[in-house]
Amino acid sequence: MQNLRYVGKNLFLERISIRSFLKKNKTPFYIYSENQIVSNYKNFVKTFKKTNPLVCFAAKSNSNVNILKILSKQGAGADVVSGGELLKALRAGIKAKKIVFSGVGKTEEELKIAIKKKILLINCESESEAKLVNILAKKLKKKVSIGFRLNPNVDAKTHKNISTGKAENKFGLSIKNFKSFLKGIDKFKNVKLEALSVHIGSQILNHKPYEKMLKVIDKIIRKSNYNFDFIDLGGGMGISYDNKNEKLNYKKYNLAIKKFLKNHKSKIIFEPGRSIVGNTGFLISKIIYIKESGTKNFVILDAAMNDLMRPALYGAKHKILPSKLRNKKFNKTYEFVGPICESTDKFTSLKDFQELKEKEFIIMCDVGAYGMSLSSNYNMRPKPIELLIKGSKIKVIKKRQKHEELI
Ligand code: LLP
């Protein structure tokens, strides 16, 4: 993240020292860099410029309405997975005709909202869902644009909990069902099948699964001879969370798309989440206590798994930085944990970290995606405040919950 750096011993985000906003804001809190969000989005668009895709930001990765507004101003659409996300995207100014609705279990109520709001596509994930859309569309006297989500049976080579494109996963229609359903599509008079969609998983760092996915789609379209206006390739592009700096080879993914488009004249849609906001967010936390216990030295933070679930859910490791550098190293291991009554409430273990003291602050990096959006009120903990920084200006984009709201 280019906008985070030490100046002398102090950590700066954009043009402000982290220490200066620690004075005004109670920890834990999320803070995002607006410049980084805009630059990530622009880079994404530039990378796929020749394809001229519609970029629908995956709102589940970060559904703060102010962040959606920033992306909306840049021209982004949204990929939503619930009625709530759909309404939020509209509130953020994202045009209905740039919204796609994914998800295996859309309810009648949610589908009605989508139909009434005239969004671009409802990406159906089962025959029953498409039938229901057809019935609701008829009742509402509408012709509704839909997509079929295909389960291409491709291994995305990512963490098993965020892999979505294998036959054993609940997502999309199997290749067999996709083909047979396509044959009978004319029976559905109130829907217009305009898109084929896929999304094989998240945090993908290898381009080969994408190449495979495109081959599967190519074959299906050729055989069925159906003309899709849109091919929605989903999201999933991974980011580098550690110092290994592993990167997805966008060039190769792009080449595979270009090859695919030689035979198919469809508009490409992407649904990126993490690649747009992942490295733009930070979770700032205070060290409440440090305790030595047997072989371990626990650094007990005021942030917990309810604020950031990724380590507990996927064993994810987020880089930790001290807000102020100190020359002295601690030669044992620090285990960074939260106050929640679960052993999985643990962020990471680090050896040779600088010596830390109680009441000091640390920064957890790259939590802009699936950080706040996965947070909960477990243990009756109010959700943290969210701040947005742009140059030397900071604003609150979500207030901290109060205990009274939860009781
Ligand atoms: N489209 C669909 C249909 C999706 O299900 C997802 C993410 C995306 C797009 C966006 O994927 P992205 O570009 O962000 O990888 N909570 C997990 C990630 C779950 C992803 C769920 N689907 C994590 O923290 O790693």
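1. Are Arg381 and Asp307 buried or exposed? Both Arg381 and Asp307 are buried, where buried denotes under 20% relative accessible area, exposed over 50%, and partly exposed in between (1.4 Å probe, protein chains only).

2. Some conventions apply to this note. The model is predicted, so that local features need pLDDT of at least 70 and side-chain atom pairs count only at pLDDT 80 or more, while totals for chains, interfaces and linings use all residues. Residues are numbered from 1 along each chain as its sequence is written, and side-chain values use heavy atoms, with hydrogens and water left out.

3. A salt bridge is a side-chain nitrogen of Lys or Arg within 4 Å of a carboxyl oxygen of Asp or Glu. Side chains of opposite charge can pair when their charged atoms come close.

4. One of these salt bridges joins Arg381 and Asp307, with an N to O distance of 2.9 Å. Arg381 lies in the loop between strand 18 (361-364) and strand 19 (385-390), and Asp307 in the loop between strand 14 (296-301) and helix 11 (310-314), so the pair ties together parts that are 74 residues apart in sequence. Helices (H or I, at least four residues) and strands (E, at least two) are DSSP runs, numbered from the N terminus.

5. Glu335 forms a salt bridge with Lys346, and their closest N and O atoms are 4.0 Å apart. This pair links distant parts of the chain, eleven residues apart: Glu335 belongs to strand 16 (residues 333-337) and Lys346 to strand 17 (residues 346-351). Glu335 is buried, at 7% relative accessible area, whereas Lys346 is partly exposed, at 35%. A network of salt bridges links Lys296, Glu335 and Lys346.

6. A further salt bridge is formed by Lys157 and Asp155, whose closest N and O atoms are 3.8 Å apart. Lys157 is exposed, with a relative accessible area of 57%, and Asp155 is partly exposed, at 32% relative accessibility.

7. The structure also contains a closed barrel of eight strands, running 5-6-7-8-9-10-11-12 with parallel pairing. From one strand to the next the twist averages 30 degrees; axes are lines fitted to C-alpha atoms, for helices over the stretch in contact, and angles run from 0 to 180 degrees between N-to-C directions.

8. Strand 5 (residues 54-58) pairs with strand 12 (residues 267-270) in the parallel sense over two bridges; two strands pair if DSSP finds at least two bridges between them. Leu54 has Ile269 of strand 12 as its bridge partner.
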